[in-house]
Amino acid sequence: MMDKELSAMAALPSKAGRTTAIARTSTVEPEEAGDAKEANATLGKPSHRHPKFHFLVSQDEEHVRLELIVDGSVVDLGERAHHQTLLLLARERRGDECQSIISSEAGWRDMVSLGAMLGIDTQHINTHLFRALRQLSPALRQLVIELDLVERRRGQVRFGDTAFEVVDWKGLAAVRA
């Protein structure tokens, strides 16, 4: 049942036309809504901590490992195929920002051209994005962080406005040794 709820919610945009990991993973049943409001009041609002995505990339760029860094703590998210999609979106956004494209327009890529860049079809891109959100949402909820990981608008998608860095695995091994 939970997978159906997540799948249905993943397709729905938020009020601003964007989607957030926190909004998509809420599974509060209607009869539990009052209890959830009370629990949220005691937990407080999401913090203003700024997470950073740390992409560890192999030299041939075939393997991408992702770490989430928050306040010096590292959450290792492992090596997954959907991390490569997130990495491409992050690089595209940074590339646009370096070319002085205004931030509200930076990084938007249509699904067809994104599919051509990745060598996969648009349905597979949606699967990658869903899996990325499903993997990251529990960590973000646990850390009480609200984050626009992936933003969508009609026919287009981009990496959210989140800090990230790309590190070569070889260089990282030398630093950690």
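Two residues are said to be in contact when heavy atoms of theirs lie within 4.5 Å of each other, and in that sense histidine 128, leaving aside its neighbours within four places in sequence, is in contact with Ala81, His82, Thr85 and Ile120. The structure is a predicted model, in which local features need pLDDT of at least 70 and side-chain atom pairs count only at pLDDT 80 or more, while totals for chains, interfaces and linings use all residues. Residues are numbered from 1 along each chain as its sequence is written, and side-chain values use heavy atoms, with hydrogens and water left out.

The chain as a whole comes first. Its secondary structure comes to seven helices and seven strands, where helices (H or I, at least four residues) and strands (E, at least two) are DSSP runs numbered from the N terminus. Followed along the sequence, these elements give the pattern α-α-α-β-β-β-α-β-α-α-β-β-β-α. Of the 177 residues in the chain, 37% are buried, a word that stands for under 20% relative accessible area, with exposed meaning over 50% and partly exposed in between (1.4 Å probe, protein chains only). The chain exposes about 10500 Å², and carbon and sulfur atoms supply 53% of that area, as computed by the Shrake-Rupley method with a 1.4 Å probe, for which only the protein chains shown count as cover for residues. Among contacts between residues at least 6 apart in sequence, 60% join residues at least 24 apart.

To return to histidine 128, this residue is found in helix H6 (residues 122–142) and is buried, with a relative accessible area of 9%. Its side chain is joined to that of threonine 85 by a polar contact of 2.6 Å; such a contact is a pair of N or O atoms within 3.5 Å, where within protein one must be able to donate a hydrogen and the other to accept it, and residues adjacent in sequence count only if both atoms are side-chain atoms.

Charged side chains are the next topic. Side chains of opposite charge can pair when their charged atoms come close. The structure holds nine salt bridges, each being a side-chain nitrogen of Lys or Arg within 4 Å of a carboxyl oxygen of Asp or Glu. One of them joins arginine 93 to glutamate 97, with the closest N and O atoms 3.2 Å apart, and both residues lie in helix H4 (residues 81–98), four residues apart, which is about one turn of the helix. Arginine 93 counts as buried at 5% relative accessibility, whereas glutamate 97, at 36%, counts as partly exposed.

Another salt bridge is formed by arginine 109 and aspartate 96, whose closest N and O atoms are 2.9 Å apart. This pair links distant parts of the chain, since arginine 109 is in strand S4 (residues 109–110) and aspartate 96 in helix H4, 13 residues apart. Arginine 109 is buried with a relative accessible area of 15%, and aspartate 96 also counts as buried, at 9% relative accessibility. Salt bridges that share partners join Glu92, Asp96 and Arg109 into one network. A further salt bridge, 2.7 Å from N to O, brings together the side chains of arginine 158 and glutamate 151, and both of these residues are buried.

Not counting residues up to four places away in sequence, glycine 107 touches Glu92, Arg93, Asp96, Val157 and Arg158. From C-alpha to C-alpha, glycine 107 and leucine 89 are 6.9 Å apart in space, although 18 residues separate them in sequence.

The aromatic rings complete the tour. The structure holds four aromatic pairs, counted for rings of Phe, Tyr and Trp (its six-membered ring) whose centres lie within 6.5 Å, with planes under 30 degrees apart called stacked, over 60 edge-to-face and the rest tilted. Phenylalanine 53 and phenylalanine 159 form an edge-to-face pair, at 5.8 Å centre to centre and 75° between the planes. Phenylalanine 53 lies in strand S1 (residues 52–57) and phenylalanine 159 in strand S6 (residues 156–159), so the pair ties together parts that are 106 residues apart in sequence. Phenylalanine 53 is buried, with a relative accessible area of 1%, and phenylalanine 159 is buried with a relative accessible area of 1%. Phe53, Phe55, Phe159 and Phe164 form one aromatic cluster. Arginine 94 lies over the face of phenylalanine 164, at 3.9 Å from the ring centre; a charge sits over a ring if NZ of Lys or CZ of Arg is within 6 Å of the ring centre and within 35 degrees of the ring normal.
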